[in-house]
Each structure stands twice: as structure tokens, then as C-alpha cells.
Amino acid sequence: MSGPLLSLIGAAILYWLTDLYYTRAFGQVTPTPAQARKDAVVSITFSILAIWSFVLDTAEILPINMPGVVLAAALAMDFWQSTRSVMGEAITSFPESFFASLIIFIVSLLPLFGITWWKVFGFNAQLEAMLAFDGLVLMLAGIAGHIRLTRDLAAGEAKQNDIAL
Amino acid sequence: MTSPFEELANLDKLVHEPARLAILTALSACESADFTALRRLTGLSDGNLSVQLSKLEEAGLVKVQKQFVGKKPNTRIQISAKGLEAVQRHWDRLNAIRKNAEEWKDSTPEE
């Protein structure tokens, strides 16, 4: 089996195990049909945009990293959707999506200013380096999101457990 | 106009109790949720959540469905149309009371 195929299988197993862990530890919530439709539209739209940006980035020499810009937009959309109800304290409530979006957006624009940062890390292709960077940021954002979620829920548990029957 | 204190005293106690209001509010934002998700969201203990769900089910505000997912028992809870109406009406009333309380405070002469 080739390396990329093994990575794909490994990622799929990891995704399945993570999903299983979250279902067991935090339970499952079924969205309303309206929410499910909206999520599907957002997912399909950003999937099409991601493929388009990848094709564009490999076919043309662009002054910016287009997949990075699309990913930043998707994360910004996720941030906006998650924080609509707490706009007054949005950044403190869900900081990881906001900062991940901002960092990826800034790094995507660096080539525009002649900054070839990927060469410093030994990458020849900007796209390859950007994909690795995106993966790293998403992984760190995921860890931060997990810590925030478990802390928030634990605090709620401590606060609410004294409610009388 | 009734005072905000009378309105507060007349609130539907079945819905207004903090644990039950938390459960109904959480359920009103989704199609359904399982027991674990509700426990995590509301921060209630297993026993307290069970008791509150039984009361809400008896009143017809939620539907509780027990099933097996694989070999594990799973309890799914869904808000009923009556429950959705009750929680929305309750939040509307609380907002109105809050407004009324602010007006009452402004109209009270300072000593």
C-alpha cells in the first residue's frame, strides 16, 4: 500500500474514533431540519470552493494562496455561525475558530508581499507548505476547542449540580 | 398594569424551575438530544435530570424514547409542540417582565 493511501485510511480511522469518543463523552444532538439543510448548503458550497481554489492554485501562479483564503473564509463562517448568539463576547467564547481563520488568512496573503516563508521550512512548493500549515493550525485549533469545550462543560456541571429537585 | 412582582409570582412553575427551563431551552434549539448531551449541556446530575425529564414528560412537554444503539441503551429526548410553545411563551413573558421591571424601577421615586 502506498503512503498517501495509508495516511487516508489512518485519517479515516482516527476520524471515526474521535467521533465515537465525542458521542460517548458528550452525547448526540440532532439538528432541526432547517439547521441540517443550512449546514449541508454551507458544506457543499465550501467543498466546491475548495476544489475550485485548489485547481486554480495548481493551474495558475497566483500572488496569494487561494485554498488558504477559502479555508480562512470557511473558518470565519464557522465562527460567525457559532457566535451569533453571543456577539458581545464572541472572541472570548470561541477564540480558536477566529484566530485560526485570521492566521490562515494572513499567511495566505504573505506571497503578495514577497515573503516566501515556505522556503525557510525547506518546502519547494508554496501549496504543499500551505497545506501542511493549514493542517497544523487546524490541529491546534481542534485541541484548543476541545480544552475549551471540556472546561466550559465542567464549569457548568459544578455550578448547576446544586439545583434542588 | 400588574407589578413585575405579581407577574413573577404568576409564572408557570413547571417551566420556570431552573433545571427544567434549561432542559426545555436546550431542546427547543434542536430536533432531539440524547441523555448524555442534555446532562452535559445543563450540568445536571443523572438523577436530577431523570426526575426533571419525568415531570416534563408527565406534563406532555417532552417525548422520551428509549432505544438500543448496538448493545448500549440510549435515551433520546424531543420537545413536543406543547413544550416548544410553553418555553417560547415563557421566555416572552420573562422578557416582558424584565421590561416592566425596568419601567417600574424608573417610575419609583428616589428617596
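Reader: What covers the buried residues of H6(B)?

Author: This is a predicted model. In it, the cover over the buried residues of H6(B) includes helix H1 (4–9), helix H2 (13–16), H3, H5, strand S2 (62–69) and S3, which belong to chain B.

Reader: And which residues of H6(B) are the buried ones?

Author: They are B:Gly83, B:Ala86, B:Val87 and B:Ile97.

Reader: How far does H6(B) reach from its first C-alpha to its last?

Author: H6(B) reaches 39 Å with 27 residues, close to the 39 Å expected at 1.5 Å a residue.

Reader: What does B:Val62 touch, not counting residues up to four places away in sequence?

Author: B:Val62 touches B:Leu27, B:Leu53, B:Leu56, B:Glu57, B:Ile77, B:Gln78, B:Ile79, B:Ser80 and B:Gly83. Of these, B:Leu27 and B:Ile77 are also on the list of core residues that touch the most other members, and B:Gly83 is one of the buried residues of H6(B).

Reader: Which residues are in the other core, the one of 18 residues?

Author: That core lies apart from the largest one, and A:Leu71, A:Ala74, A:Ala100 and A:Met130 are among its residues.

Reader: Now the sheet. In what order do the four strands run?

Author: The order is S1(A)-S1(B)-S3(B)-S2(B), in an open sheet with antiparallel pairing. The edge strands, each pairing on one side only, are strand S1 (29–30) of chain A and S2 of chain B.

Reader: Over how many bridges do S1(A) and S1(B) pair?

Author: Two bridges, in the antiparallel sense; S1 of chain B is residues 32–34. A:Thr30 has B:Ser32 as its bridge partner in S1(B).

Reader: What does H4(B) lie across?

Author: H4(B) lies across S1 of chain A together with S1 and S3 of chain B, at about 90° to S1(B).

Reader: Where is the place of B:Cys30?

Author: B:Cys30 is in the loop between H3 and S1 of chain B. Leaving aside neighbours within four places in sequence, B:Cys30 is in contact with A:Val29, A:Thr30, A:Pro31 and A:Thr32.

Reader: Why does B:Cys30 count as partly exposed?

Author: Because B:Cys30 has 18 C-beta neighbours inside 10 Å, and a residue is buried at 20 or more and exposed at 12 or fewer.

Reader: How many helices and strands does each chain have?

Author: Chain B has six helices and three strands, in the order α-α-α-β-α-α-β-β-α from the N terminus. Chain A has seven helices and one strand, following α-β-α-α-α-α-α-α.

Reader: What percentage of each chain is buried?

Author: In chain B, 29% of the 111 residues are buried; in chain A, 18% of the 165 residues are.

Note on methods: Residues numbered from 1 in each chain as written. Chains lettered and ligands numbered in written order. Predicted model: local features only at pLDDT ≥ 70, side-chain atom pairs only at ≥ 80, totals over all residues. Core = buried A, V, L, I, M, F, W, Y, C linked by C-beta atoms within 7 Å. Contact = placed C-beta atoms within 7 Å. Expected span 1.5 Å × (residues − 1). Pairing = 2+ DSSP bridges. Axes fitted to C-alpha atoms, helices over the stretch in contact; angles between N-to-C directions.
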